[in-house]
Amino acid sequence: MVGLAVVTGVRTWFWPQENSLPAPTKEKAAPAYPVQEAQSVAARYARTFLTWDEGAPEVRAKELARDLPSGTDAAAGWNAKGHQDVLVAQPGAVAPQQDRKRARVHVDVLVSTPAAEPKDKKDKPSAPEQRWVGLEVPVVSTEGRIVVTGQPGIVGVPRSAPPVPEQAVPSVDLPFSESTRGVVEGFVAAYANGTADSVTAPGASIAPLPSGVTLGSLQNWSADNGSSDTRTGTAVVAWKLSGAEITQTYRIELTRVSSASAARWQVAQIQGGAA
């Protein structure tokens, strides 16, 4: 017994070494659902599903077959009558089912139907009717791709959004707003004509607006209270585009740029929309 204790150590009789205990097993996390791929396939399928032309029904069936299981009758569910076009197919929420392979994808689709022919040939034809349609597309993730498993269902599109909590409005630094209004006016003018880089702070990179946009006016500029060399404020700008004038709200960041002779404020960043 004494010899055995010397060889093995008395401690190991009562407290086994940690390495001798079995390691706890870790549960493998379920793989994330391929949301982006599901949205892409569902949007493509929704666009084709809600497009029909009684003059060429085979075109629709051929396109639908791309995302259906082989052997599925792609023409089923449509009586081969009527005409409808899809202008936009915007995928939304993806709701995976319990088995984590199947899911339901919501797609908002803007459809257009031809206007009825005027009864009197002298009358001008009315514009095509456009409306938003919701479509829920069932899909499954199998063998590395997303497949539509069956007929989707048309659902409603909310007519209005719910109220949102009010956000505290930052206090305004009126003297600073007045002293930097010219800086912001010069920037938005250059922003519209594609020369924003000439009036922005060093290191800033701001892409120009699309062609055809011109400045109407800077309607308001209010800088938040602050005292640092970086200041932020809200600008309300009216742009002219395609014969219309639209008002937009931006958050603009100014930074103080100093040189040997003077210091000035320049735009460092612009973000569309006030939160």
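A nonpolar core is a set of buried Ala, Val, Leu, Ile, Met, Phe, Trp, Tyr and Cys residues joined through side-chain atoms within 4.5 Å; buried means under 20% relative accessible area, exposed over 50%, and partly exposed in between (1.4 Å probe, protein chains only). The model here is predicted, so local features need pLDDT of at least 70 and side-chain atom pairs count only at pLDDT 80 or more, while totals for chains, interfaces and linings use all residues. Residues are numbered from 1 along each chain as its sequence is written, and side-chain values use heavy atoms, with hydrogens and water left out. Helices (H or I, at least four residues) and strands (E, at least two) are DSSP runs, numbered from the N terminus.

- In soluble globular proteins, nonpolar side chains tend to be buried together.
- The largest nonpolar core here has 26 residues, and Leu 50, Val 107, Val 137 and Val 139 have the most contacts inside it.
- At least two residues of this core come from each of α3 (35-49), α4 (57-64), β2 (83-96), β3 (102-113), β4 (129-142) and β5 (145-148), and α3 gives the largest share, six residues.
- A second, separate core has 22 residues, including Ile 206, Val 213, Ala 235 and Val 267.

**A four-stranded sheet**
- Look for an open sheet with the strand order β7-β8-β9-β10 and antiparallel pairing; two strands pair if DSSP finds at least two bridges between them.
- β7 (214-223) and β10 (263-272) are the edge strands, each with a single partner strand, so one side of each has no neighbour in the sheet.
- Strand β8 (residues 230-241) is joined to β9 by twelve bridges, and Trp 239 has Ile 246 in β9 as its bridge partner.
- Helix α5 packs on the sheet and touches β7, β8, β9 and β10, where contact means heavy atoms within 4.5 Å.

- Thr 255 sits in strand β9 (residues 244-258) and counts as buried because its relative accessible area is 17%.
- Thr 255 and Gln 266 are eleven residues apart in sequence, and their C-alpha atoms are 5.6 Å apart in space.
- Asp 173 lies in the loop between β6 (153-155) and α5 (174-193), and its 14% relative accessibility makes it buried.
- The side chain of Asp 173 makes a polar contact with the side chain of Arg 231 (2.9 Å). Such a contact is a pair of N or O atoms within 3.5 Å; within protein, one must be able to donate a hydrogen and the other to accept it, and residues adjacent in sequence count only if both atoms are side-chain atoms.

Note on methods. Axes are lines fitted to C-alpha atoms, for helices over the stretch in contact, and angles run from 0 to 180 degrees between N-to-C directions.
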